[in-house]
Amino acid sequence: MSSLRILLRSLAVAGLSAALLAPASVARAEPTPAELTKQIEKSSTELERIVESYNKLNEEIKANKATAATLQAKIGPMQAQTEKSRADVSQIAVTAYKTGGLRTAEALLEQGGSNSVTDRLSTLDQLTRQRQATIAGFTTSQRKLIDEKTRLDATLAQEAAQARQLAAGKQKIQADLARLYELRRQAYGRATEAPPRTSSAGSAPAIAGSAGVAVRYAYGAIGKPYVWGADGPDGYDCSGLTLAAWRAAGKSLPHNAAMQWDATSRVSRSSLQPGDLVFYSGLGHVAFYVGGGQVIDAPSAGRNVSKRDMDMMSIAGYGRVR
C-alpha cells in the first residue's frame, strides 16, 4: 500500500473517531435537582433584596406624597396672605400717588402750636412705620411662598423620578421571577409550592395583649403564598407579613425589612418574646418570632408562608415593636 493511501486511511479513521467523540465532549449534562436547588436559593436571595429595595422605594414615595400634600395645604393660606399683602401695598402706592404723601415740612408749617406739630410728626412717623411694616410683611410672605413652592416642586420632581425607578424595578422583578419559576419547574415539577392540605404548625400559643393578636395573625397566614410587594390577606412577602401581623394588633410598621429594623427596639436573643422580629441577611429578610426558637415567615418566591427554625440562616439581630 502506497504511503499516500495509508495517510488517507489514517485521516479517515481519525475523522470518524472525532465525529464519534465530538457529541460526548460538547454535550452538557442537565443540572441535577440539587444543583437547581442551589441556583434557586441563590436567585431567591438576590430577588428578595430587589423586592425589599422596591418596597423601600414605595415607602419613600408614600412619604413624599404626604410631604407634598402638607406643602399644598400650607401654600393655600400663604397664597391668600400674600395676595392680601400685595393688595395692601398696592393701596399704599395708590394713596401716595394721589396725595403726594405727608411731608415733614408741611407738618411743621401748619398752624396749631408746638404740641400740634409734635403730634403731626408723631402721626407721620407712625404712618411711615406702618407702611414699612406692611411692605416688609408682603416681602416676607412672598419669600415664604416662593420657598414652599420650590420645596413642593422639588418633592414632586423626586416623586416622579421615584415612580420611574419603581416601574423599572417592577419590570426587573417580573423578569427575575420568570427565571426563578422556570428553575423551580425544572427542579420540582411545578413553579410554586402546592398549598398544604392541613397545617403542621399547630395552633397559636395563648399570649396576652397585642403581641398575642399579632401571633395569631401570623399563624393564620401559614400556607398562603409568597407574593412580592404584598401585605395580605391573600399573600405576603417577608416584611409584608410582619407588617400585616402587627397592623392587626394596632401597630404600624413600614413595608421594608431594613426600615422595620429602624422602627423597632433592639433586644437580645435571650430576651426574645413572641411577636418580636428576627432580621437576617444584612437586613434583607425578616421573620416573626413565635416562641420556642421558631419563626413564621414568607420565605421567597414560589414558596408559602411557613413556620421554621429561627436559625435557618445567618441572623443580623432582633427587634421589638414599640
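How many helices and strands does the protein chain have? The protein chain has 7 helices and 6 strands. Helices (H or I, at least four residues) and strands (E, at least two) are DSSP runs, numbered from the N terminus. Their order from the N terminus is α-α-α-α-α-α-α-β-β-β-β-β-β. The model is predicted: local features need pLDDT of at least 70, side-chain atom pairs count only at pLDDT 80 or more, and totals for chains, interfaces and linings use all residues. Residues are numbered from 1 along each chain as its sequence is written, and side-chain values use heavy atoms, with hydrogens and water left out.

The protein chain holds 322 residues, of which 34% are buried. Buried means under 20% relative accessible area, exposed over 50%, and partly exposed in between (1.4 Å probe, protein chains only). Contact means heavy atoms within 4.5 Å. Among contacts with a separation of 6 or more, 64% join residues 24 or more positions apart.

Two residues of helix 6 were examined. Thr-242 is found in helix 6, which spans residues 238–248. Thr-242 counts as buried because its relative accessible area is 1%. A polar atom of its side chain lies 3.1 Å from the backbone oxygen of Ser-239. A polar contact is a pair of N or O atoms within 3.5 Å; within protein, one must be able to donate a hydrogen and the other to accept it, and residues adjacent in sequence count only if both atoms are side-chain atoms. Beyond four places in sequence, Thr-242 is in contact with Leu-253, Gln-260, Leu-277, Val-286, Ala-287 and Phe-288.

Ser-239 also lies in helix 6. Ser-239 is buried, at 0% relative accessible area. Its contacts beyond four places in sequence are Glu-52, Asn-55, His-255, Asn-256, Ala-257, Gln-260 and Val-286.

Lys-251 sits in the loop between helix 6 and helix 7 (257–263). Lys-251 counts as partly exposed, because its relative accessibility is 31%. Its side chain reaches the backbone oxygen of Arg-322 at 3.3 Å. Lys-251 and Val-321 are 70 residues apart in sequence, yet 7.9 Å apart in space, C-alpha to C-alpha. Not counting residues up to four places away, Lys-251 touches Trp-246, Val-321 and Arg-322.

The largest pocket has a volume of about 370 Å³. Of its 18 lining residues, Glu-41, Thr-45, Ser-300, Arg-303 and Met-313 are the closest to the centre. Helix 2 (33–99) and helix 4 (113–188) are the elements that give two or more residues to this lining. Helix 2 provides the largest share, 7 residues. The lining divides into 5 nonpolar, 7 polar and 6 charged residues. Ala, Val, Leu, Ile, Met, Phe, Trp, Tyr, Cys and Pro count as nonpolar, Asp, Glu, Lys and Arg as charged, and the others, Gly among them, as polar.

The second largest pocket holds about 160 Å³ of space. Of the 13 residues that line it, the closest to its centre are Ser-200, Ile-222, Val-305, Ser-306 and Lys-307. This lining divides into 5 nonpolar, 5 polar and 3 charged residues. On a 1 Å grid over the protein atoms alone, a pocket is an open set of points where a 1.4 Å probe fits, with protein on both sides within 12 Å along at least five of seven lines; lining residues have an atom within 4 Å of a point. Grid points are joined across faces, edges and corners, and a volume is the space filled by probe spheres set on the points.
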